[in-house]
Amino acid sequence: MTSLNALFNEGEHLPLIPSKLLRSFSFISTDPKIRSGWPHIKNTRVLVTDIFRAQVRGNTIESMVKDFKSMGIKINSEALEEAYKFTLEWLHYLNEKEKNNTS
Amino acid sequence: MKKKKTILRNKPFFSHDENLEFLKLKKDCNQFARFESVVKIMKRQGATDPKIVKECNNKDYHVITHNTTDFQRINKKIKIGVVCIGLRNEDDWIGRMKKLLRKLSKHKDYYYKNILINNDITIYNRLTKEVNKIL
């Protein structure tokens with residue numbers, strides 16, 4: 001399974017999250033009782049990978065803040081930006097790990 | 001003593017998880033079912049999976065989520081249905097959700113059921129252990 005597949009098919013298998021990565025993003029956390037332990041924005045159930053996917057599809061930070069608000073969810077733009085950056089760095093880490101394993 | 005107000009549920013009432021894609025579902029399927037954000041039901045955001053199941057069961061809302069693992073392990077006392085969506089592309093799964101809503105159009109049709117939406121729709125009855133598929 002490629003790192004891209006591992007990250008964007010949130011299933012039973014949770015790819016390794018380096019603790020250093022989690023520590024460097026204050027808005028991101030994990031909890032086994034929330035969305036099977038997948039990284040999410042603190043005090044919400046919003047997965048970082050969902051934010052990444054939404055941004056890749058062309059949703060802007062401002063439109064996402066508005067859409068979440070319409071669902072009664074308070075998320076600030078900093079948290080959404082962190083979610084995007086966290087996913088990128090996580091993907092980068094998994095890619096590197098995969099490369100090292102194959103070589 | 002004050003009588004507790006009960007809301008009649010003809011069409012299914014669902015509580016959807018904290019995902020942007022459910023806004024599109026709400027827009028597209030509003031005529032078939034009522035969708036309420038889990039935040040509005042729990043009156044707080046970031047609730048854990050077990051608490052959501054318990055509260056939605058108390059308030060009689062079926063659950064729709066992308067979490068295909070934890071929500072399928074449900075206690076026998078829980079009456080509500082759980083719809084787990086395994087597909088990530090909303091253009092794929094919203095069409096299948098419409099199909100499901102046409103097949104199971106009443107609120108009571110979802111009781112004691114675990115429904116998994118993937119390339120096909122699998123309906124598992126937790127009481128009878130019967131499995132049905134909608135292709």
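User: Hi! How many residues of chain A are in contact with chain B?
Analyst: In this predicted model, 23 residues of chain A are in contact with 19 residues of chain B. Contact here means that two C-beta atoms, placed from the backbone, lie within 7 Å.

User: And which element of chain A gives the most to that side?
Analyst: That is α4(A), with 3 residues. Helices are DSSP runs of H or I with at least four residues, strands are E runs with at least two, and both are numbered from the N terminus.

User: Quick check, how are residues and chains labelled?
Analyst: Residues count from 1 along each chain as its sequence is written, while chains are lettered from A in the order in which they are written. Local features need pLDDT of at least 70, side-chain atom pairs count only at pLDDT 80 or more, and totals for chains, interfaces and linings use all residues.

User: New topic: what is the strand order in the sheet of chain B?
Analyst: The 7 strands run β2-β1-β3-β4-β5-β6-β7 in an open sheet with mixed pairing. Strands pair if DSSP finds at least two bridges between them.

User: Which strands are at the edges?
Analyst: β2 (34–37) and β7 (131–134) of chain B, each pairing on one side only.

User: How many bridges join β4 to β5 in chain B?
Analyst: There are 4, and these two strands run parallel. Cys84(B) stands opposite Leu116(B) in β5(B).

User: Back to chain A, what span should helix α5 have?
Analyst: Its 26 residues (77–102) should span 38 Å at 1.5 Å a residue, and the end C-alpha atoms are 38 Å apart, which agrees. The expected span is 1.5 Å times one less than the number of residues.
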